[in-house]
Amino acid sequence: MSILTGLVWAPSVGALVVLALPGERPSLRRAVALGFALVSLGLATLVFFGDGGDPRREIAPWIAPLGVSYELAFDGFGSTVALWIAVLAPVVLLSERPPSLGRRTAALLLLAETALLGLAGSGDFVLFLAFYGAGLVAMTLLHQRPGAMKGFFVFQAAGLSLMAGLFVTCFHVAWAQTGFPSAEIGRLSTLVVYPDAQSDRFLLGAAALAFAAPLFPLATWLKESEEALSSTALLFLLGGWSLAGAQFFVRIVLPSFPTGASDAAGVVSLFAALGVVFAGLLPYRGTRERSWLPALFGMQALSLLGLLSSRTDGIVAGRLGLLQLGVGMALLGLATGGAESTAGLPLTKGGRVAAVGVVLAAVVLPGADGLPVYWRVLASLHDRSPTLALVAGVGLALLIVRLLLAVPNLARSLHRNGRRGALLMLPILGWWLWISGSGRGAARIAPPSALSKPGGLDEEEP
Amino acid sequence: VTLLAVACAAIPLLSGVVLLLSTPSSLRGARLVAAIGLAVAGTFAALLSRHGRTTIFGGFDSDPLSAFLVELLLLSLAIPLVRRSSAAALGRLFLGGALAMVAVSTRDLLLATLALGIYPFVVGNGRTEGEGRARTSASWMFGIVSLAGLALVTYGSGRGTNLAAIAAGGREGATVGEVGLSLVAAGLVLLWLAHSRERFRYSEESLEACVSSSFLLLVGVASVLLRLTAWLPDSSPLAAIRALALAALGLGAFGMLGATRVRTFLTALALARTGMVLIALLGGVHGRMPLLLELATTASSLFLLAWGLESAAVAGDGGNVERVTSLDDLQPAPPSGARICLLVGALSAASFPPFPGFAIRFSLARALASEGESAALVAASALVFLVALGAMRIVSRVFTAAGSPSPSPSQTGRRITPEALLGLGLAAAAIWFLGIFPARLIELASRAVAEMF
């Protein structure tokens, strides 16, 4: 078994072991789940550091008559995302005390981790769909109320269906042009597709992203999910699953349809910029402590604006923005969740507000090179469309105001939720500072040079 | 070859007679005889599939396609045999299976439509008024529509009802013949619909027996339509099939979303899957392999779901057994193992990734795209999405606790017998495994369609 297969499937093995454990032994259950998550973390670290810059790849035939293969290929961004997921999973498992972490929740969280790791590394779009569907089912089953379960499933499955639709058209074209079936993601960028067809396919991919990410106004399930998920599952949804749709966009849509992306970027950017504004303005009717939740799709939209940039630094900022989205949401989730905890955070009121300030700063402000991530997104957008940059900038300002207004509630819940949440923030903050600050982290996140070709997304400015 | 082909159809016929004649004391032996018969017939079919196409008695085909379909029929007869359906129901099913085998092997439209036409009379039992009424209406529908179509085919072609002869006749009288073929197709699909609805809604047999009865007829109908579209590509009734397919898929999808009774839900699900099978006919040459695999996945997912729902019916208190009749009866939920099996069954029925069948949809979609059936593809995709939402109704009921009505006292503490759970688990694992690794199945189906002429 190779390192990549071990990385992806170790949590699933853990899920099976957790399900097979006899009796009600919560501490053992969590220890086992944590052990497998740590195995995955170790392997993700190896993949991230140990490849000398070349993407790792593993391939085996799966459904040969249809050209479907079991292909895992972690490029720089994929291995970074995998490392993040592998960091997040133990944090999520530790965020609950053992009695609160049920057998089903632990197993489903581990299955969802496998799915997310698979999404980061799938080299075959049928395999990608399989991982996406598995993760979607696992996240759906974590919901404890039928209404919330249906709401989440409807929107996410709509995104999955649109992804499948896009893949079907590509599968047909690939078969027609090459004479044999192939589901390899890398092949998509080599297909000869007319520019208008490229635009159509890109827009289909963007629509799938809008459902899956989610982007405004397709996130109406968020409030119900917040109420129906345990704090552990919500943490994983916010920090991990919120990157699933973006994986599809970054790894498949943008590299495969560069001409379509540049042609249709204006329309999609307009919707994204408006989405940022709405995310800042939208009243949230869920739990008061989580009034910051609409920031999720505001940050998704900001990241999308970066990904659609015509400049490499804008694209890097968009990719960093996605990671910051996961990190920020996880931090906010940790600050708000875990109401069962009993040990309060031993800080004065001022200290608590300062701690919340650190969390919020991690959410929106820093890039360790000194420039805020989303500022770089706006700067790159300004080159293409100053008006859109202005709209998105207003949206970002509104988002920051929303987060600032949430400070008192966050400080209260941080005080109530105690040391556990605060301690668990440390590895996340450390990871984020290292990724965004170190040269190695930034280099891994940059798009591959293939995208810098003429007509591609990231033509450098003269 | 002739002997093997005749034996394949004769064995279910004789097994059906043995089962019908068995007494309660000899039922066990009759089941054993039928099981051995199925195994022998399955072996014969496997041997036949190794030969190329052979014409028997001038109007029957022994080819890999027939062998593939016969294997599907035999498997669908085996499930209710393993599960404890009544002797009478089993006997009728086996007789119906023999009729379906005739339909899948013949190229004579008259013989096929007659075999399928009397199928509802043979398989039904006429116990209830509603059932009898439904069966009568089905036969009338079939009789009027299909026989009118057959008359037009005969008149239009001037060469009788043998497909090979019609195909050899060229385009003379094509318009009349095309209308006739459309009527035959419509009649057969309506026959299937009426029979399946009658079985699921009015029959008192187990869900597995109902699924088996519906599926046997579906295989027969699908094989006739497949031969129609394959032998007569220029005058094939594609317009009628397109309308029927989308209507079936739409009715099934919305039926799944609106159903409150388990049997209505399964009827709608079977209808939706039949719609997918019919849509595969629009894919021309490239749609034939996916059609066979759609049939296989339809059977497996429906059987698994039916078996799971039947097994979930066992209530714990006092050993009494309550059938699950309403979807709300699924709460309180059965034990974890049964829930997982129901999850596999429900999402396999929707071919939701990573459950069985989803990869096959790519080749099906590609076939539709290559035939220029983009509108049908888009419509079918939207409806398949609704089917997935419908399947989630089962999942949400067995995996959540809130939102259910108060359980009756007998429902509390519901449990499943270890034997049932083991069987269900093995079936779910096998179906999931075959669905995820379908390469061998694809090879068999590809060979079957490649050598059907």
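The legends below describe close-up views of a predicted model with chains A and B. Local features need pLDDT of at least 70 and side-chain atom pairs count only at pLDDT 80 or more, while totals for chains, interfaces and linings use all residues. Residues are numbered from 1 along each chain as its sequence is written, chains are lettered from A and ligands numbered from 1 in the order in which they are written, and side-chain values use heavy atoms, with hydrogens and water left out.

**View 1. The largest pocket has residues of both chains in its lining.** Its volume is about 1,400 Å³. A pocket is an open set of points on a 1 Å grid over the protein atoms alone, where a 1.4 Å probe fits and protein lies on both sides within 12 Å along at least five of seven lines. The volume is the space filled by probe spheres set on the points, which are joined across faces, edges and corners. There are 40 lining residues, meaning residues with an atom within 4 Å of a point. A:Leu16, A:Leu111, B:Ile340, B:Phe355 and B:Trp432 lie nearest the centre of the pocket.

**View 2. Helices of chains A and B contribute to the pocket lining.** Two or more residues each come from H1 (3–20), H4 (103–121) and H5 (125–142) of chain A, and from H13 (336–349) and H16 (418–436) of chain B. Helices (H or I, at least four residues) and strands (E, at least two) are DSSP runs numbered from the N terminus. H5(A) gives the most, with 8 residues. The lining has 31 nonpolar, 6 polar and 3 charged residues; Ala, Val, Leu, Ile, Met, Phe, Trp, Tyr, Cys and Pro count as nonpolar, Asp, Glu, Lys and Arg as charged, and the others, Gly among them, as polar.

**View 3. Chain A meets chain B through 33 residues on each chain.** Contact means heavy atoms within 4.5 Å. The buried area, which is the accessible area (1.4 Å probe) lost on being put together, summed over both parts, is about 2,700 Å², and carbon and sulfur atoms give 85% of this area. Between the chains there are 0 salt bridges, a salt bridge being a side-chain nitrogen of Lys or Arg within 4 Å of a carboxyl oxygen of Asp or Glu.

**View 4. A salt bridge joins A:Asp383 and A:Arg311.** The N to O distance is 2.2 Å. A:Asp383 is in helix H16 (residues 373–384) of chain A, and A:Arg311 is in the loop between H13 (295–307) and H14 (312–336) of chain A, 72 residues apart. The whole structure has 13 salt bridges over all chains.

**View 5. The loop between H13 and H14 (360–370) of chain B holds B:Pro354.** A cis peptide bond, with omega about 5°, joins B:Pro353 to B:Pro354. B:Ser351 is also found in the loop between H13 and H14 of chain B, and has a positive phi, near 50°, in a residue other than glycine.

Definitions and conventions
Buried area is the accessible area (1.4 Å probe) that two parts lose on being put together, summed over both.
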